[in-house]
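Biologist: Could you take me through this one slowly? I'd like to hear what is behind each label.

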Amino acid sequence: MSTVQISAADVNKLRQQTGAGMMDCKKALTETNGDFEAAIDFLRKKGAKVAASRQDRESNEGVVIARTSEDFKTGVIIELNCETDFVAKNAEFIAFANEIANKAVEAKPASIEELYALEIDVETARVKIGDAIIEKTGKIGEKIGVSKYEVVNGEKVVAYIHGNFRLGVLVALSADGAGAEEAGKDVAMQIAAMNPIALDKDGVDASVIERELEIAKEQIRAEGKPEAMVEKIAAGKLNKFYKDSTLLNQEFVKDSSKSISQFLDSVEKGLTVTAFKRVALGA
(Lines give C-alpha, C1' and ligand atoms only; values in the text may rest on other atoms or scores of the structure.)
Protein backbone atom coordinates (compact mmCIF):
# COMPACT_ATOMS: atom_id res chain seq x y z
CA MET A 1 0.00 0.00 0.00
CA SER A 2 1.08 3.58 -0.64
CA THR A 3 2.32 5.66 2.30
CA VAL A 4 2.21 8.90 0.26
CA GLN A 5 -0.41 11.36 1.41
CA ILE A 6 -2.71 12.20 -1.53
CA SER A 7 -4.19 15.68 -1.11
CA ALA A 8 -7.44 16.95 -2.60
CA ALA A 9 -5.37 19.49 -4.56
CA ASP A 10 -3.35 16.66 -6.15
CA VAL A 11 -6.53 14.81 -7.08
CA ASN A 12 -8.04 17.95 -8.57
CA LYS A 13 -4.86 18.68 -10.54
CA LEU A 14 -4.91 15.20 -12.06
CA ARG A 15 -8.61 15.56 -12.80
CA GLN A 16 -7.93 18.83 -14.64
CA GLN A 17 -5.17 17.19 -16.67
CA THR A 18 -7.07 14.06 -17.62
CA GLY A 19 -10.78 14.79 -17.28
CA ALA A 20 -11.21 11.57 -15.30
CA GLY A 21 -13.52 11.35 -12.28
CA MET A 22 -12.37 12.40 -8.80
CA MET A 23 -12.47 8.87 -7.37
CA ASP A 24 -10.60 7.45 -10.39
CA CYS A 25 -7.92 10.14 -10.00
CA LYS A 26 -7.54 9.48 -6.29
CA LYS A 27 -7.18 5.74 -6.93
CA ALA A 28 -4.64 6.35 -9.72
CA LEU A 29 -2.48 8.56 -7.49
CA THR A 30 -2.76 6.11 -4.61
CA GLU A 31 -1.78 3.15 -6.77
CA THR A 32 1.23 5.04 -8.21
CA ASN A 33 2.49 6.63 -4.96
CA GLY A 34 1.60 10.14 -6.11
CA ASP A 35 3.56 9.94 -9.40
CA PHE A 36 1.56 12.12 -11.81
CA GLU A 37 2.97 10.63 -15.03
CA ALA A 38 2.44 7.10 -13.77
CA ALA A 39 -1.06 8.05 -12.64
CA ILE A 40 -1.90 9.35 -16.13
CA ASP A 41 -0.68 6.04 -17.61
CA PHE A 42 -2.75 4.19 -15.02
CA LEU A 43 -5.87 6.08 -16.10
CA ARG A 44 -5.10 5.49 -19.79
CA LYS A 45 -4.79 1.78 -19.15
CA LYS A 46 -8.05 1.86 -17.24
CA GLY A 47 -9.62 3.59 -20.22
CA ALA A 48 -8.39 0.84 -22.53
CA LYS A 49 -9.93 -1.76 -20.25
CA VAL A 50 -13.24 0.10 -20.25
CA ALA A 51 -13.14 0.34 -24.05
CA ALA A 52 -12.47 -3.37 -24.40
CA SER A 53 -15.29 -4.27 -22.03
CA ARG A 54 -17.82 -2.25 -24.04
CA GLN A 55 -17.07 -3.55 -27.52
CA ASP A 56 -20.28 -5.59 -27.57
CA ARG A 57 -22.44 -2.60 -26.70
CA GLU A 58 -24.65 -0.81 -29.23
CA SER A 59 -23.50 2.72 -30.09
CA ASN A 60 -26.14 4.15 -32.39
CA GLU A 61 -26.18 7.68 -31.02
CA GLY A 62 -23.56 10.32 -31.74
CA VAL A 63 -22.90 13.19 -34.13
CA VAL A 64 -22.24 13.68 -37.83
CA ILE A 65 -19.70 16.39 -38.70
CA ALA A 66 -19.20 17.77 -42.21
CA ARG A 67 -16.18 19.98 -42.79
CA THR A 68 -14.33 21.57 -45.73
CA SER A 69 -10.72 22.61 -46.17
CA GLU A 70 -9.82 26.29 -46.15
CA ASP A 71 -9.58 26.34 -49.95
CA PHE A 72 -12.96 24.56 -50.28
CA LYS A 73 -11.41 21.92 -52.55
CA THR A 74 -11.88 19.03 -50.11
CA GLY A 75 -14.63 18.04 -47.72
CA VAL A 76 -14.98 15.26 -45.16
CA ILE A 77 -17.82 13.77 -43.15
CA ILE A 78 -17.29 11.71 -40.01
CA GLU A 79 -19.85 9.96 -37.85
CA LEU A 80 -18.65 9.63 -34.26
CA ASN A 81 -20.87 7.28 -32.30
CA CYS A 82 -21.64 6.81 -28.61
CA GLU A 83 -24.27 4.86 -26.70
CA THR A 84 -26.66 7.53 -25.43
CA ASP A 85 -28.27 10.74 -26.61
CA PHE A 86 -27.11 12.36 -23.36
CA VAL A 87 -23.45 11.96 -24.35
CA ALA A 88 -24.15 12.89 -27.98
CA LYS A 89 -25.42 16.29 -26.86
CA ASN A 90 -22.44 16.89 -24.56
CA ALA A 91 -20.36 19.88 -25.69
CA GLU A 92 -17.08 18.07 -24.97
CA PHE A 93 -18.12 15.09 -27.14
CA ILE A 94 -19.14 17.39 -30.02
CA ALA A 95 -15.85 19.31 -29.70
CA PHE A 96 -13.95 16.00 -29.85
CA ALA A 97 -15.81 15.02 -33.04
CA ASN A 98 -14.98 18.41 -34.56
CA GLU A 99 -11.32 17.94 -33.67
CA ILE A 100 -11.26 14.58 -35.47
CA ALA A 101 -12.99 16.10 -38.51
CA ASN A 102 -10.52 19.00 -38.59
CA LYS A 103 -7.61 16.58 -38.59
CA ALA A 104 -9.24 14.49 -41.31
CA VAL A 105 -9.74 17.42 -43.65
CA GLU A 106 -6.16 18.53 -43.01
CA ALA A 107 -4.47 15.16 -43.56
CA LYS A 108 -6.99 13.53 -45.96
CA PRO A 109 -6.55 9.92 -44.78
CA ALA A 110 -7.85 7.23 -47.14
CA SER A 111 -9.71 5.17 -44.52
CA ILE A 112 -10.91 5.07 -40.92
CA GLU A 113 -7.81 2.99 -40.09
CA GLU A 114 -5.56 5.74 -41.43
CA LEU A 115 -7.66 8.34 -39.62
CA TYR A 116 -7.15 6.51 -36.32
CA ALA A 117 -3.37 6.61 -36.87
CA LEU A 118 -3.29 10.42 -37.13
CA GLU A 119 -2.22 12.42 -34.08
CA ILE A 120 -4.12 15.20 -32.34
CA ASP A 121 -3.36 17.33 -29.29
CA VAL A 122 -4.88 15.96 -26.08
CA GLU A 123 -4.07 18.15 -23.07
CA THR A 124 -0.28 18.63 -23.40
CA ALA A 125 0.51 15.53 -25.47
CA ARG A 126 0.22 14.35 -29.07
CA VAL A 127 -1.94 11.24 -29.15
CA LYS A 128 -3.16 9.04 -31.99
CA ILE A 129 -6.88 9.47 -32.64
CA GLY A 130 -7.42 5.77 -31.96
CA ASP A 131 -5.79 6.11 -28.55
CA ALA A 132 -7.70 9.32 -27.83
CA ILE A 133 -10.95 7.48 -28.53
CA ILE A 134 -9.95 4.75 -26.07
CA GLU A 135 -9.16 7.39 -23.44
CA LYS A 136 -12.48 9.12 -24.10
CA THR A 137 -14.27 5.78 -23.72
CA GLY A 138 -12.65 5.33 -20.32
CA LYS A 139 -13.56 8.84 -19.24
CA ILE A 140 -17.16 8.83 -20.47
CA GLY A 141 -17.87 5.15 -19.82
CA GLU A 142 -19.55 4.56 -23.18
CA LYS A 143 -18.44 2.80 -26.35
CA ILE A 144 -17.15 5.45 -28.78
CA GLY A 145 -15.91 5.12 -32.34
CA VAL A 146 -15.93 6.52 -35.87
CA SER A 147 -18.33 4.41 -37.94
CA LYS A 148 -18.36 6.41 -41.18
CA TYR A 149 -15.79 8.52 -42.98
CA GLU A 150 -16.37 10.09 -46.41
CA VAL A 151 -14.24 12.40 -48.56
CA VAL A 152 -15.24 14.59 -51.51
CA ASN A 153 -12.94 16.65 -53.76
CA GLY A 154 -13.93 19.28 -56.31
CA GLU A 155 -13.55 22.82 -57.59
CA LYS A 156 -15.93 24.05 -54.89
CA VAL A 157 -16.97 21.81 -51.98
CA VAL A 158 -19.80 22.91 -49.70
CA ALA A 159 -20.58 21.26 -46.35
CA TYR A 160 -23.94 21.21 -44.61
CA ILE A 161 -24.98 19.81 -41.21
CA HIS A 162 -28.68 19.23 -40.57
CA GLY A 163 -30.76 18.48 -37.48
CA ASN A 164 -28.39 19.08 -34.56
CA PHE A 165 -25.53 16.99 -36.00
CA ARG A 166 -27.85 14.18 -37.11
CA LEU A 167 -27.05 14.38 -40.83
CA GLY A 168 -24.15 15.72 -42.91
CA VAL A 169 -23.87 16.49 -46.62
CA LEU A 170 -20.98 17.35 -48.92
CA VAL A 171 -21.52 18.78 -52.42
CA ALA A 172 -18.75 19.23 -54.98
CA LEU A 173 -19.49 21.77 -57.72
CA SER A 174 -17.75 22.03 -61.08
CA ALA A 175 -16.79 25.70 -60.61
CA ASP A 176 -16.30 28.28 -57.87
CA GLY A 177 -17.92 31.31 -59.43
CA ALA A 178 -20.27 33.96 -58.09
CA GLY A 179 -23.22 32.34 -56.39
CA ALA A 180 -21.57 28.91 -56.08
CA GLU A 181 -21.53 28.95 -52.27
CA GLU A 182 -25.24 29.72 -51.92
CA ALA A 183 -26.16 27.31 -54.74
CA GLY A 184 -24.10 24.59 -53.08
CA LYS A 185 -25.97 25.07 -49.80
CA ASP A 186 -29.31 24.89 -51.61
CA VAL A 187 -28.26 21.64 -53.30
CA ALA A 188 -26.93 20.26 -50.00
CA MET A 189 -30.30 20.93 -48.34
CA GLN A 190 -31.99 19.22 -51.31
CA ILE A 191 -29.79 16.15 -50.76
CA ALA A 192 -30.56 16.16 -47.03
CA ALA A 193 -34.31 16.29 -47.69
CA MET A 194 -34.68 14.11 -50.79
CA ASN A 195 -31.87 11.55 -50.32
CA PRO A 196 -30.99 10.90 -53.99
CA ILE A 197 -29.38 7.53 -54.70
CA ALA A 198 -27.03 8.82 -57.42
CA LEU A 199 -25.88 11.94 -59.23
CA ASP A 200 -27.68 11.04 -62.48
CA LYS A 201 -29.01 7.94 -64.22
CA ASP A 202 -25.49 6.87 -65.25
CA GLY A 203 -24.64 6.51 -61.58
CA VAL A 204 -27.49 4.14 -60.74
CA ASP A 205 -26.36 0.56 -60.19
CA ALA A 206 -27.50 -1.86 -62.90
CA SER A 207 -29.11 -4.13 -60.31
CA VAL A 208 -31.27 -1.25 -59.08
CA ILE A 209 -32.40 -0.47 -62.63
CA GLU A 210 -33.24 -4.12 -63.23
CA ARG A 211 -35.26 -4.30 -60.02
CA GLU A 212 -37.18 -1.11 -60.82
CA LEU A 213 -38.01 -2.38 -64.31
CA GLU A 214 -39.24 -5.71 -62.98
CA ILE A 215 -41.44 -4.02 -60.38
CA ALA A 216 -42.83 -1.67 -63.02
CA LYS A 217 -43.61 -4.55 -65.40
CA GLU A 218 -45.41 -6.50 -62.70
CA GLN A 219 -47.49 -3.46 -61.83
CA ILE A 220 -48.38 -2.87 -65.49
CA ARG A 221 -49.37 -6.49 -66.04
CA ALA A 222 -51.45 -6.41 -62.85
CA GLU A 223 -53.34 -3.44 -64.32
CA GLY A 224 -54.24 -5.61 -67.32
CA LYS A 225 -52.27 -3.67 -69.92
CA PRO A 226 -51.47 -5.51 -73.20
CA GLU A 227 -48.08 -7.27 -73.18
CA ALA A 228 -47.05 -5.27 -76.26
CA MET A 229 -47.25 -2.07 -74.17
CA VAL A 230 -45.42 -3.36 -71.11
CA GLU A 231 -41.87 -2.45 -72.19
CA LYS A 232 -42.81 1.07 -73.31
CA ILE A 233 -44.78 1.87 -70.16
CA ALA A 234 -42.02 0.37 -67.97
CA ALA A 235 -39.47 2.62 -69.68
CA GLY A 236 -41.64 5.61 -68.81
CA LYS A 237 -41.83 4.51 -65.18
CA LEU A 238 -38.05 4.13 -65.12
CA ASN A 239 -37.65 7.71 -66.33
CA LYS A 240 -39.96 8.81 -63.51
CA PHE A 241 -37.72 6.85 -61.10
CA TYR A 242 -34.66 8.73 -62.41
CA LYS A 243 -36.49 12.04 -61.92
CA ASP A 244 -37.40 11.20 -58.34
CA SER A 245 -34.20 9.46 -57.28
CA THR A 246 -31.19 11.04 -59.03
CA LEU A 247 -29.97 14.44 -57.88
CA LEU A 248 -29.54 16.34 -61.14
CA ASN A 249 -32.95 15.18 -62.40
CA GLN A 250 -34.88 15.88 -59.19
CA GLU A 251 -37.25 18.83 -59.00
CA PHE A 252 -35.60 21.67 -57.11
CA VAL A 253 -37.47 21.90 -53.78
CA LYS A 254 -37.30 25.71 -53.80
CA ASP A 255 -38.65 25.97 -57.37
CA SER A 256 -40.49 22.93 -58.72
CA SER A 257 -40.46 24.39 -62.24
CA LYS A 258 -36.74 23.55 -62.44
CA SER A 259 -34.66 20.44 -62.02
CA ILE A 260 -31.47 20.69 -59.98
CA SER A 261 -29.53 20.62 -63.24
CA GLN A 262 -31.56 23.55 -64.61
CA PHE A 263 -31.27 25.46 -61.34
CA LEU A 264 -27.47 25.20 -61.33
CA ASP A 265 -27.29 26.19 -65.00
CA SER A 266 -29.30 29.31 -64.15
CA VAL A 267 -26.76 30.25 -61.47
CA GLU A 268 -23.83 29.86 -63.87
CA LYS A 269 -23.90 28.38 -67.36
CA GLY A 270 -22.55 24.84 -67.23
CA LEU A 271 -22.41 24.69 -63.42
CA THR A 272 -23.13 21.19 -62.15
CA VAL A 273 -22.52 18.78 -59.28
CA THR A 274 -19.54 16.48 -59.75
CA ALA A 275 -19.94 14.46 -56.54
CA PHE A 276 -21.87 14.34 -53.27
CA LYS A 277 -22.04 12.39 -50.03
CA ARG A 278 -24.83 12.14 -47.48
CA VAL A 279 -24.38 10.56 -44.04
CA ALA A 280 -27.31 10.17 -41.65
CA LEU A 281 -26.73 9.16 -38.05
CA GLY A 282 -27.24 5.44 -37.56
CA ALA A 283 -28.26 4.80 -41.17
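Modeller: Let's begin with naming: helices (H or I, at least four residues) and strands (E, at least two) are DSSP runs, numbered from the N terminus. With that naming, F165 sits in the loop between β6 (156-162) and β7 (167-173). Keep in mind that this is a predicted model, where local features need pLDDT of at least 70, side-chain atom pairs count only at pLDDT 80 or more, and totals for chains, interfaces and linings use all residues. Residues are numbered from 1 along each chain as its sequence is written, and side-chain values use heavy atoms, with hydrogens and water left out.

Biologist: Why is F165 called partly exposed?

Modeller: Buried means under 20% relative accessible area, exposed means over 50%, and partly exposed is in between (1.4 Å probe, protein chains only). F165 has 22%, so it counts as partly exposed. F165 also has a positive phi of about 70°, although it is not a glycine.

Biologist: And what makes K108 partly exposed?

Modeller: Its relative accessible area is 45%, which lies between 20% and 50%, so the label is partly exposed. You'll find K108 in the loop between α5 (91-107) and α6 (112-117). The phi of K108 is positive too, near 55°.

Biologist: Now N81: how do you know whether it is buried or exposed?

Modeller: N81 has a relative accessible area of 5%, which is under 20%, so it is buried. N81 belongs to strand β2 (residues 74-82).

Biologist: How do you know where the domains are?

Modeller: Domain bounds come from an automatic or database domain assignment. Here that gives domain 1 (6-51) and domain 2 (59-166). Their C-alpha centres lie 26 Å apart.

Biologist: How many salt bridges cross the interface of domain 1 and domain 2?

Modeller: A salt bridge is a side-chain nitrogen of Lys or Arg within 4 Å of a carboxyl oxygen of Asp or Glu. Across the interface of domain 1 and domain 2, that rule finds zero.
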